Amino acid sequence: MIGRIIIMDFGSQVTELIARLIRKSGVYCELFPFNVDLNLIKNFSASGVILSGGPYSVYDKNAPQVPNLVFEMNVPILGICYGAQLLCHQLGGIVEQSEKQEFGRTEITIKDSCLLFNKLLPLGRVETVWMSHKDRITAIPPGFKSVATTPSSPFASFANEQKRIYGLLFHPEVEHTPCGNQLLRNFTYKVVGLTSSWNVASYKDQVISKIRKQVGNSKVLCGLSGGIDSLVTALLIHKAIGDQLTCIFVDNGLMRSGEAKEFNRLFRRQYNIPLITRDASEEFLNELEGIDDPEIKRKTIGELFINIFDSEASKIEGAKFLAQGTLYTDVIESLSKTNSPLITIKSHHNVGGLPNVMKMQLVEPLRELFKDEVRALGRELGIPDSLINRHPFPGPGLAIRLIGSVTREKLNILTSADAIYLDEIRKAGLYDEIWQAFVVLLPIRTVGVMGDSRTYDYVCVLRAVTASNGMTADYYKFPHEFLSRTATRIVNEVRGINRVTYDVTSKPPSTIEWE
């Protein structure tokens with residue numbers, strides 16, 4: 001059966017991972033905030049509903065609830081963590097604050113069978129899962145059975161097979177639950193009864209049709225940043241509307257060494273799309289002068305970017321739309337939903353940096369996609385691997401990898417150090433093993449000695465992480481010989497740095513970028 005899944009978001013920072021795994025399994029899904037207009041739920045015609053985790057307790061004042069409409073739809077429901085506690089609470093069970101909280105890896109014991117586990121977790125099996133909750137279910141609703149337990153939770157999983165409602169106190173969407181991906185597949189395929197019907201090829205056709213409907217006969221300007229996201233955006237829109245699209249490449253002077261010239265050369269050589277190139281590096285540096293705050297940096301870059309676009313758009317008659325390569329992770333990390341517990345981590349230049357009044361409407365065809373999906377879509381569009389496999393690069397560029405105010409001197413130092421670091425990674429054959437690697441320049445100086453002379457120069461930080469989606473990440477475990485060799489090259493070849501360090505924190509608690 002072909003169908004769709006609704007994921008109701010109650011504020012978990014990893015809700016998006018559920019969506020990514022569901023879509024990766026070939027089933028289309030969308031995320032709705034818990035306080036969404038109920039008409040949107042009705043019109044979506046969902047075949048199943050997943051309730052996410054969240055930071056609330058069900059007994060909190062004004063704690064969000066599952067809308068009654070969800071139960072009235074008579075479709076399978078899967079509650080995860082807070083979502084499971086809500087199911088229990090609203091259907092007649094009891095949830096209480098626990099003396100023993102469960103955070104991190106926990107072992108569950110399978111006490112009964114159910115279709116959700118479907119031979120994946122047989123009776124008596126002990127399985128490692130990832131928990132993150134402080135409350136405890138002490139009684140499940142009538143008609144439900146306990147399926148799994150932990151020493152602290154007698155109802156770590158529960159089910160009502162007749163109503164096809166299931167609860168998991170643990171998080172199947174995170175990598176720390178090894179069986180989690182298969183559990184979600186069991187829900188969509190075994191419980192809901194869906195078949196694989198969604199992939200990036202089908203998405204490509206849908207979004208091209210959507211762009212045509214949105215734009216009509218109007219002209220569109222697409223901002224190229226030099227990265228894969230804006231390039232995929234441009235190619236999708238060009239397939240949809242052809243010569244109605246004009247691309248503008250704004251060289252903000254904040255890209256990695258040589259990338260602006262290389263991207264401009266490749267684009268003109270490979271794609272028959274009108275391109276305007278604007279060297280605005282001095283303008284960006286002037287606007288950023290004296291700004292230390294990372295959020296103000298982002299917004300300054302975003303506003304100047306739009307102003308330059310307005311300037312170029314005024315030369316193109318009939319340009320009513322601005323296209324951006326905004327990704328789903330950009331949106332999630334930038335915006336708190338209305339009345340939602342989601343917390344703003346940071347704004348992104350192509351989301352939070354937009355001025356309040358825009359002269360053009362936005363076209364964002366990648367807004368619901370994760371980075372790996374964008375890369376897959378890029379392959380569908382014939383983009384060469386040299387661009388598709390390039391490490392992610394933030395919209396504000398090196399400005400947010402240069403802690404403190406941005407100056408030409410410090411930008412040159414950072415660009416040079418970053419080029420050496422990436423060169424060593426490529427020489428070692430490690431580039432494709434790493435999700436993202438870059439150098440951060442700190443606003444502090446330390447004493448050093450070079451050639452029997454005292455130095456007082458900057459400190460830089462090497463950062464490299466592994467990740468499957470960018471929502472969580474771990475630091476890359478370089479051999480010490482690599483770090484030593486790279487540090488030696490940087491201090492010898494980059495005038496202005498005399499100390500090199502390596503960042504060994506994961507995300508969370510850190511973010512991948514420093515600003």
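The model shown here is a predicted one. The protein is divided into three parts: domain 1 covers 4–191, domain 2 covers 200–389 and domain 3 covers 408–502.

**Where domain 2 meets domain 3**

- The contact between these two domains draws on 11 residues from domain 2 and 12 residues from domain 3.
- Interfaces like this are often sized by the accessible area that is lost when the parts come together. Here, domain 2 and domain 3 bury about 980 Å² between them, and 61% of that is on carbon and sulfur atoms.
- One salt bridge is counted between domain 2 and domain 3. The side chains of Arg408 and Glu282 meet in a salt bridge at 2.8 Å, N to O.
- The count of residue pairs in polar contact between domain 2 and domain 3 is one, with both residues at pLDDT 80 or more.
- On the side of domain 2 that touches domain 3, the elements giving two or more residues are helix H9 (281–288) and helix H12 (371–380). H12 gives the most, with three residues.
- The residues on that side of domain 2 divide into two nonpolar, four polar and five charged.

- As a general point, side chains of opposite charge can pair when their charged atoms come close.
- Arg390 and Glu259 join their side chains in a salt bridge at 3.8 Å, N to O. Arg390 lies in the loop between helix H13 (385–388) and helix H14 (408–427), while Glu259 is in helix H8 (residues 259–270), so this pair ties together parts that are 131 residues apart in sequence. Both Arg390 and Glu259 are buried.
- Arg401 and Glu513 also meet through their side chains, in a salt bridge of 2.7 Å, N to O. This pair links distant parts of the chain, 112 residues apart: Arg401 is in the loop between H13 and H14, and Glu513 is in the segment after strand S18 (497–502).
- Arg278 and Glu283 form a salt bridge through their side chains at 3.3 Å, N to O. Arg278 is partly exposed at 21% relative accessible area, and Glu283 is partly exposed too, at 30%.
- A network of salt bridges links six residues that you can pick out together: Asp423, Glu424, Lys427, Arg485, Arg489 and Glu493.

**Helix H1 and what comes after it**

- How many of the 10 residues of helix H1 (residues 15–24) are buried? Nine of them are, so H1 is largely enclosed by the rest of the structure.
- The buried residues of H1 are Thr15, Glu16, Leu17, Ile18, Ala19, Arg20, Leu21, Ile22 and Arg23.
- Just after H1 you will find Gly26, which takes a positive phi of about 95 degrees.

Conventions:
Residues are numbered from 1 along each chain as its sequence is written. This is a predicted model: local features need pLDDT of at least 70, side-chain atom pairs count only at pLDDT 80 or more; totals for chains, interfaces and linings use all residues. Side-chain values use heavy atoms; hydrogens and water are left out. Domain bounds come from an automatic or database domain assignment. Contact means heavy atoms within 4.5 Å. Buried area is the accessible area (1.4 Å probe) that two parts lose on being put together, summed over both. A salt bridge is a side-chain nitrogen of Lys or Arg within 4 Å of a carboxyl oxygen of Asp or Glu. A polar contact is a pair of N or O atoms within 3.5 Å; within protein, one must be able to donate a hydrogen and the other to accept it, and residues adjacent in sequence count only if both atoms are side-chain atoms. Helices (H or I, at least four residues) and strands (E, at least two) are DSSP runs, numbered from the N terminus. Ala, Val, Leu, Ile, Met, Phe, Trp, Tyr, Cys and Pro count as nonpolar, Asp, Glu, Lys and Arg as charged, and the others, Gly among them, as polar. Buried means under 20% relative accessible area, exposed over 50%, partly exposed in between (1.4 Å probe, protein chains only).
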